[in-house]
Amino acid sequence: MDFVETKRRSNVSRKLLLAAGITALFLFMLTKSPSTTASIKFSRHEPGVTHVLVTGGAGYIGSHAVLRLLKDSYRVTIVDNLSRGNMGAVKILQQLYPEPGRLQFIYADLGDASAVNRIFSQNAFDAVIHFAAVAYVGESTAEPLRYYHNITSNTLIIVKAMAAHGVKKLIYSSTCATYGEPEKMPITEDTPQVPINPYGKAKKMSEDIIFDLSKTSSDMAVMILRYFNVIGSDPEGRLGEAPRPELREQGRISGACFDAARGIIPGLKVRGTDYKTPDGTCVRDYIDVTDLIDAHVKALAHAKPGKVGIYNVGTGKGSSVKEFVEACKKATGVNIKVDYLSRRPGDYAEVYSDPSKIRSELNWTARYTNLEESLSIAWRWQKAHINGYNN
Ligand SMILES: NC(=O)c1ccc[n+]([C@@H]2O[C@H](COP(=O)([O-])OP(=O)(O)OC[C@H]3O[C@@H](n4cnc5c(N)ncnc54)[C@H](O)[C@@H]3O)[C@@H](O)[C@H]2O)c1
């Protein structure tokens, strides 16, 4: 009897030992599997590594920022709902930086507060660059609530999550549209902000939220960057600007110019030739995306606890729509048809920045200031990607 009992017990212990061994082996393999190693890297702070959450990283400016951050050895998490961005851009970034712990993509809508909180609790972010937004002035006038929701209320969700999870550094994408129609040019950071459309108003409200929050926290480091008109693309031709076809008509002058050069639209419509500008057409400050991203990297490096830095990001030089169109013709080699029409209500004659503050405080200056060169680089990508990232 005793012998049988002892034998049964030793069989049970052997099975238990075997089960424990298999479980240990399984756990060991699991922790060594590339995906777990990667997610552990994203979930823990690592000395010497700065983990940046890039919202809207699948979009035009966001994807260029991710490329630069990865090149500069940052760890990056993209959060994007792909409503306007391109998974194709994310795939290119993943192919360029496939090593575990470099880049992860999380599909989520920033309007979903519980999803955002989950992302913050599962990841150890050191900083946030908040690009994600809907960003067309005309659309904002037609759908104002969408803009207040997507820009203002989503920024509130992000900064609440940052406060709740102890993330102290924020770089915020703002715009010269927050200034409205200033009486004096160039625009400095002290020019009064009187936005005239829901896009500009929603961005100004987000700035106010961030500003007020930062006053309650002595260790929050904030940089607000107000961009002027962004053009260009990655000089090495890996990324470009590819808005969804249905957004084309909302689009910006460079997109329209390339569409005209490709024959997708019959020509360009220039509205207003009797402004008080040297050639009668509107004047804008075009900033190349490579320079813009450089400003973000400098802002990340200079962000100081307890401080809010506000900077215009522009070249400081205005170019007229006529000059832009001529540069576009040269860059594409296409004699684009141009129709000159009467003014569009709400357009202002001249907008250009005074970038002296960012030059002196962050040591940043725009380097790609030749319109034709920026447009040639962007055109190369456009020509090679007739269907955007779906090529
Ligand atoms: N392009 C310009 O000339 C310009 C000028 C001034 C400021 N900005 C600002 O720069 C930022 C980026 O602009 P862009 O031109 O790259 O736009 P974009 O549309 O190419 O990129 C925006 C990205 O945000 C994502 N997104 C939007 N709503 C989201 C949500 N609720 N949840 C998750 N992701 C969401 C989109 O899918 C897209 O990938 C915006 O904040 C915009 O206001 C742009």
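User: In this predicted model, in which loop is Ser73 found?

Analyst: The model is a predicted one, and in it phi of Ser73 is near 70°, a positive value in a residue other than glycine. Ser73 is also exposed, since 10 other C-beta atoms lie within 10 Å of its own and a residue with 12 or fewer counts as exposed. As for its place in the chain, Ser73 is found in the loop between H3 and strand E2 (75–80).

User: What phi does Asn363 have, and is Asn363 buried or exposed?

Analyst: Most residues other than glycine have a negative phi. Asn363, which is found in the loop between helix H12 (356–362) and H13, is not a glycine and yet has a positive phi of about 60°. With 10 other C-beta atoms within 10 Å, and with 12 or fewer as the cut-off, Asn363 is exposed.

User: Which peptide bond is cis, with omega near -5°?

Analyst: Most peptide bonds are trans. With omega near -5°, the cis bond is the one from Met185 to Pro186.

User: How do H3 and H10 lie to each other, roughly parallel, roughly perpendicular or oblique?

Analyst: Two packed helices are described by the angle between their axes and the distance between the axes. Helix H3 (residues 60–71) and helix H10 (residues 289–302) have axes 9 Å apart and pack at an angle of about 60°.

User: Which residues in H10 are met by H3, and how does the contact divide by class?

Analyst: H3 passes H10 in a right-handed crossing. On the side of H3 the contact involves Ile61, His64, Ala65 and Arg68, and these meet Val289, Leu292, Ile293, His296 and Val297 in H10. By class, the contact of H3 with H10 has six nonpolar, two polar and one charged residues.

User: Which element gives the most to the shell around the ligand?

Analyst: The ligand is surrounded by 28 residues, of which the closest are Gly56, Gly59, Gly85, Ala133 and Val230. Two or more residues of this shell come from each of H3, helix H7 (144–164), strand E5 (169–175) and strand E7 (229–231). By class, the shell holds twelve nonpolar, twelve polar and four charged residues. With three residues, the element that gives the most is H3.

User: How do H7 and H8 lie to each other, roughly parallel or roughly antiparallel?

Analyst: The axes of H7 and H8 are 8 Å apart, and the two helices pack at an angle of about 15°. Since angles under 35 degrees count as roughly parallel and those over 145 as roughly antiparallel, H7 and H8 are roughly parallel to each other.

User: How many residues of the contact of H7 with H8 are nonpolar?

Analyst: The crossing of H7 and H8 is right-handed. The contact includes Tyr147, Tyr148, Ile151 and Leu156 of H7, while H8 brings in, among others, Tyr199, Ala202, Met205 and Ile209. Besides three polar residues and one charged residue, the contact of H7 with H8 has nonpolar residues to the number of 14.

User: Which residues does Ala202 touch, not counting residues up to four places away in sequence?

Analyst: Ala202 lies in helix H8 (residues 198–216). It is buried, because 29 other C-beta atoms lie within 10 Å and 20 or more are needed for that class. Leaving out residues up to four places away in sequence, Ala202 touches Tyr147, Tyr148, Ile151 and Thr152.

User: Why is helix H9 (residues 253–262) largely enclosed by the rest of the structure, and what covers its buried residues?

Analyst: Eight of the ten residues of H9 are buried, so the helix is largely enclosed by the rest of the structure. The buried residues are Ser254, Gly255, Ala256, Cys257, Phe258, Asp259, Ala260 and Ala261. Just after H9, Gly263 takes a positive phi of about 80°. What covers the buried residues of H9 includes E7, strand E8 (268–271), helix H11 (321–332) and helix H13 (371–384).

User: What percentage of the residues of the protein count as buried?

Analyst: The protein has 13 helices and 13 strands, and its C-alpha trace spans about 110 × 50 × 40 Å along its principal axes. Of the contacts with a separation of 6 or more, 80% are accounted for by residues 24 or more positions apart. Of the 391 residues of the protein, the share that count as buried is 42%.

Methods
Residues numbered from 1 in each chain as written. Predicted model: local features only at pLDDT ≥ 70, side-chain atom pairs only at ≥ 80, totals over all residues. Axes fitted to C-alpha atoms, helices over the stretch in contact; angles between N-to-C directions. Helix = DSSP H or I, 4+ residues; strand = E, 2+ residues; numbered from the N terminus. Left-handed = near helix turned anticlockwise from the far one by under 90°. Contact = placed C-beta atoms within 7 Å. Nonpolar A, V, L, I, M, F, W, Y, C, P; charged D, E, K, R; others polar. Near = placed C-beta within 6 Å. Parallel < 35°, antiparallel > 145°, perpendicular 65-115°, else oblique.
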